[in-house]
Structure formats: structure tokens, C-alpha cells
Amino acid sequence: MPKKTLLIPFIIALNILVFLMWNTNFGSETFMQENFLVSWQALQEGRFWTLLGSAFSHNSFMHILVNMFVLNSFGPLLIQVLGKKLFISFYLVAAILSSLCHAVVSNLLLHSPDLPALGASGAIAGLVLLFALIFPKERLLFFGLIPVPALVGALGFIALDLWGLFAQAGGGGLPIGHGAHLGGSFTGVLFYFFFVRKKVRRHLDVSI
């Protein structure tokens, strides 16, 4: 049973706060758009903080509900394995790189430098991929319905994001930040092999 920590509730609380700012008069629409949406255009204008601010930003109830549910499902176990400092370092890096990946992809591949994005989905994709690499045989519900080994499910989501991104490049697809998802997943792979693999092996050896 993962030890209780206030880190996950704190991250969730920040996301809820920004969600309320989007949906009340507490934050004006202009202020929210300038500070909590990321795009290549925003970065060109020097608003680099949107790389992180957008990853704590949701204006749709279902969007924040799904992301925070997944964070609360995977986060506590990953904190137990990684420790709080390594976990929050990974989460923030995944958030920033996933936002950057969206901006680069929207500019170079979709030819829409002003295409905005928001949401924790990129960082969450990184968490899921990292979990799958640490516990590849654990069961994961693909689309919340189909039980599959975690690594198979994570690779399946990557395949869907690749398909979705190429569909968008062809003028179709859904309004989903596939580039951000892939950026988060790629961060999970890099973080696992460069920072986590040896630590996980020591942790599992001690547990056994």
C-alpha cells in the first residue's frame, strides 16, 4: 500500500484552482489565454511560463476529471518507488517538454504556430509510460475497459497518438494534443533509462 503523501492532492488542487479561474470571473479570459495556453506563437512572444502553466490548466470538466483520476491512480505508487523529489522533478520536466513538443509539432508539422493547447495530459502520458516501464506486466485498462499488460497498453496509446498526429497533419483528426502526449511519453522513456532504472532495481531488490 503506497504511503500517503500530500504531493498528489497538492498538484490536483493547483489544477482545480486554474480550472475555477477559467470558469469563474476570478480570471479574465485574456489573462487566462495569455498565461495558461501554450503555442509556438506564445513562445515567440516570450511567454515561456506557458510551457508549465498550460500543464496545470483545464477548462473542461471531463478533461480535468480524467487527468486527475489517472494522476491519482498512478502517482502515489510512483512516489513510493521514486521518492517525492524525483517524482516531482519528472512530473515538471514531462509537463514542460510535452508543452514544448506541442508547440514545435503544431508549428512544423501542422503549420499552425498559433494553435493553443492546455491540460496535464502530456505529463500524465509520461507518468503512464514510466509506470509501464517499471511494472510492464501489471494490468492496465486500455480505454478504461480492456485489461492488458501495462507496457502493451502504453505502447497502444503511443500508436494511437502517432496515428492521430498524422491524421491531423493531413487535415483531419480530432482536436487532441497528440504532440504533447508523445512528448510526455518520450520524456518517460528518457527518464526511465537515465534516472530511474537503477533506482527501481535497487528498490525491487530490497522489497524482495
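**Reading contacts, burial and position in a predicted model**

Trainee: Leu129, Phe131, Ala132 and Leu133 in helix 7 meet Ala150, Leu151, Ala154 and Ile158 in helix 8. What does contact mean here?

Mentor: Contact means heavy atoms within 4.5 Å. The structure is a predicted model, in which local features need pLDDT of at least 70, side-chain atom pairs count only at pLDDT 80 or more, and totals for chains, interfaces and linings use all residues. Residues are numbered from 1 along each chain as its sequence is written, and side-chain values use heavy atoms, without hydrogens or water.

Trainee: How many helices and strands does the protein chain have?

Mentor: Helices (H or I, at least four residues) and strands (E, at least two) are DSSP runs, numbered from the N terminus. This protein chain has nine helices and two strands. Along the sequence, their pattern is α-α-α-α-α-α-α-β-β-α-α. The C-alpha trace spans about 55 × 40 × 30 Å along its principal axes. Among contacts between residues at least 6 apart in sequence, 68% join residues at least 24 apart.

Trainee: What share of the residues counts as buried?

Mentor: Burial is read from relative accessible area: buried is under 20%, exposed over 50%, and partly exposed in between (1.4 Å probe, protein chains only). Of the 208 residues in this protein chain, 46% are buried.

Trainee: Let us take Ser106. Is Ser106 buried or exposed?

Mentor: Ser106 has a relative accessibility of 1%, so this residue counts as buried. Ser106 belongs to helix 6, which covers residues 84-108. Leaving out residues up to four places away in sequence, Ser106 touches His111, Ser112, Pro113 and Leu115.

Trainee: What does Ala117 touch?

Mentor: Not counting residues up to four places away in sequence, Ala117 touches Phe36, Leu37, Val38, Ser54 and His102. Ala117 is placed in the loop between helix 6 and helix 7. Its relative accessible area is 17%, and therefore Ala117 is buried. The C-alpha atoms of Ala117 and His58 are 59 residues apart along the chain and are separated by 9.6 Å.

Trainee: Is Ala13 buried, exposed or partly exposed?

Mentor: Ala13 has a relative accessible area of 40%, so this residue is partly exposed. Ala13 lies in helix 1, residues 7-23. A distance of 9.7 Å separates the C-alpha atoms of Ala13 and Met68, which are 55 residues apart along the chain.

Trainee: Let us return to helix 8. Which residues is Ala167 in contact with?

Mentor: Ala167, in helix 8, is in contact with Gly172 and Gly173 when neighbours within four places in sequence are left aside. The C-alpha atoms of Ala167 and Thr30 are 137 residues apart along the chain, with 31 Å separating them.

Trainee: Is Gly164 buried or exposed?

Mentor: Gly164 is also found in helix 8. With a relative accessible area of 2%, Gly164 is buried. Gly164 and His178 are 14 residues apart in sequence, while their C-alpha atoms lie 6.5 Å apart in space.
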